[in-house]
Amino acid sequence: MEIVDFLHYAFIRRALITGSFIALVCSLLGVLLVLRRFSLIGDGLAHVTFGSVAIGLLLKQHPVYVSIPIVMLSSLGILKLTEKAKLYGDAAIGIVSSIGIAGGILIASIAGGFNVDLFSYLFGNILSISKAEVFTAIVLSLVVLLIISLFYKEHFSTTFDEEFAKVSGINTKKINSILVLLTGITVVLAMRVVGIMLTSALLILPAVTALQIAKSFKNTMAISSVIAMSSVIIGIYISFVMNLPTGATIVMTNFIFFIAAFLYRNIFPKD
Amino acid sequence: MSINILSIEGLNFRYNSLEVLSNISFSINAGDYIGLVGPNGSGKTTLIRIILGLMKPTKGHISLFGVESWKFKEWYKVGYLPQRVLFNPYFPATVKEIVSLGLLSKRGFSKGLDIPEETMIDEAMGLMDVLDIKNKLIGDLSGGQQQRVLVARAIVNKPELLILDEPTTALDPETREKFFHTLQELNQNKKVTIILVTHDIGSIGKYASKLLYLDKRIVFYGSFEDFCSSVDMGSYFGEFAQHLICHRHD
């Protein structure tokens, strides 16, 4: 199939535009999360979205709108548990994540199951995204991008050396809260692209791919963004042409980029 | 009249039931070069972290540049090198990017570097001899090179007070001497006030103007001349140890 034919379909154009915006946001946040060894927060928050989607379906409200505040609160919960309960980040993520899954199962059970709807959120279905969802995703992505760019230096400094950042006058608690809140919003958006089960891949894979070959911090951000957006575009194209599940194809495309970067680094090592 | 840079009064710090710092009072004037020494666990790093607002004292008052530390906002006046920077060895930042972080407190955020700032970064890198590796990733450098990059980050802002917590631990003897010499130049030519935490009591005697010996309390604070002529210090350290410190200073 020619690219032009492929772009002829409105649902494909919607998926490409929305997916690219979400991938861009995921890739930038992913670099910060991976470098802080907080990669699995995406996975944990995605599990929370399972519970929040169930609440949305139970209340007959759009799951994305119900999920955003719940997941943002959960992201702050993970941060507070890490700070106040003297837990390592992975333990805090584990607690919040399992509560999300348990809550979702309980709600689904009480409601007698939502089978098809819940399944589509678990594995994603960006090709069925509505115009309203496109609008929401683009607006929220732009908000996240704006906040990342406004606090870029603070995030860079805090990620590299939190203590020095504090002495520089940076309110690192605020910066950490901003990071997890933005991650919360992004995870909900990413759920529509690749599904709850694969959300963390959109955060982690482009970042770790960029880390294989990057030559500076800015360069890491740029490479991560290009890889994430390319993976979404290529993934949607391949899944459409070969009739494969879109979310899984996007993730596998990301993984192929990672393998290529890994091989490149090992074949052409730095001086 | 000398300008007061740091003033500490009646500072105490307890961790659970353990007394870490007891009744610490001293002040530092502009242009002082303080060697902060003491045995392991004597509270040196804790004192530095309290001065920098990273820890809260149990009791006592601290003022920086005449302002109570909890109200102090002008952090661009302070340069800091922590004892250990536990950064990710695969962190993808270049030497220049790391050094530029030292400018954050002064310049605000979100804007790109202007020409004077580029010059300041180059000067700091030149001073610490890392200019020729400015585009290398921090993780690709040796321990000594990384330490020099972090010192460049601490001085890039041209701070009025420079606090360095054991900065020479990863440096070879030649680089260490050069480093001490650079600090002396900063102190004498640029009038930077320095607090240097070190175990290298012999070397610090050659460069610092004052000695602050800490062992959970202040054992001695004053000039090296006073330290060397003090009978009390002779009894506290033993005459041999006192001679060893003072011999290097003479």
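**Note on a predicted two-chain model**

1. Strand β1 (residues 4-15) of chain B and strand β4 (residues 59-64) of chain B run antiparallel and are joined by 5 bridges. Strands here are DSSP runs of E, at least two residues long; helices are runs of H or I, at least four; both are numbered from the N terminus. Two strands pair if DSSP finds at least two bridges between them. One bridge links B:Asn12 to B:Lys59 in β4(B).

2. The model is predicted: local features need pLDDT of at least 70, side-chain atom pairs count only at pLDDT 80 or more, and totals for chains, interfaces and linings use all residues. Residues are numbered from 1 along each chain as its sequence is written, while chains are lettered from A and ligands numbered from 1 in the order in which they are written.

3. The sheet in chain B is open. Its 4 strands follow the order β2-β1-β4-β5, with antiparallel pairing. The edges are β2 (18-29) and β5 (67-68) of chain B; each has a single partner strand, so one side of each has no neighbour in the sheet.

4. Chain A has 13 helices and 0 strands. Its mean pLDDT (the predictor's confidence in each residue, from 0 to 100) is 89, and 96% of its residues reach 70 or more. Check helix α6 (residues 115-123) of chain A, where confidence is lowest in the chain, at a mean of 73. Helix α12 (residues 217-242) of chain A is highest, at 95.

5. The radius of gyration of chain A is 18 Å, which agrees with the value near 18 Å for a compact globule of 271 residues. This radius is taken over C-alpha atoms, and the globule rule is 2.2 Å times the number of residues to the power 0.38. In chain A, 50% of the 271 residues are buried (20 or more other C-beta atoms within 10 Å of the residue's own, with C-beta atoms placed from the backbone; exposed means 12 or fewer, partly exposed in between).

6. The largest nonpolar core holds 149 residues; B:Ala152, B:Ile163 and B:Leu196 touch the most other members. Helix α2 (residues 10-35) of chain A gives the largest share, 14 residues. Such a core is a set of buried Ala, Val, Leu, Ile, Met, Phe, Trp, Tyr and Cys residues joined through C-beta atoms within 7 Å.

7. At the interface, 23 residues of chain B are in contact with 22 residues of chain A (contact: C-beta atoms, placed from the backbone, within 7 Å). On the chain B side, β6 (78-81), α2 (95-100) and α3 (104-107) of chain B each give two or more residues.

Technical notes:
Two residues are in contact if their C-beta atoms, placed from the backbone, lie within 7 Å.
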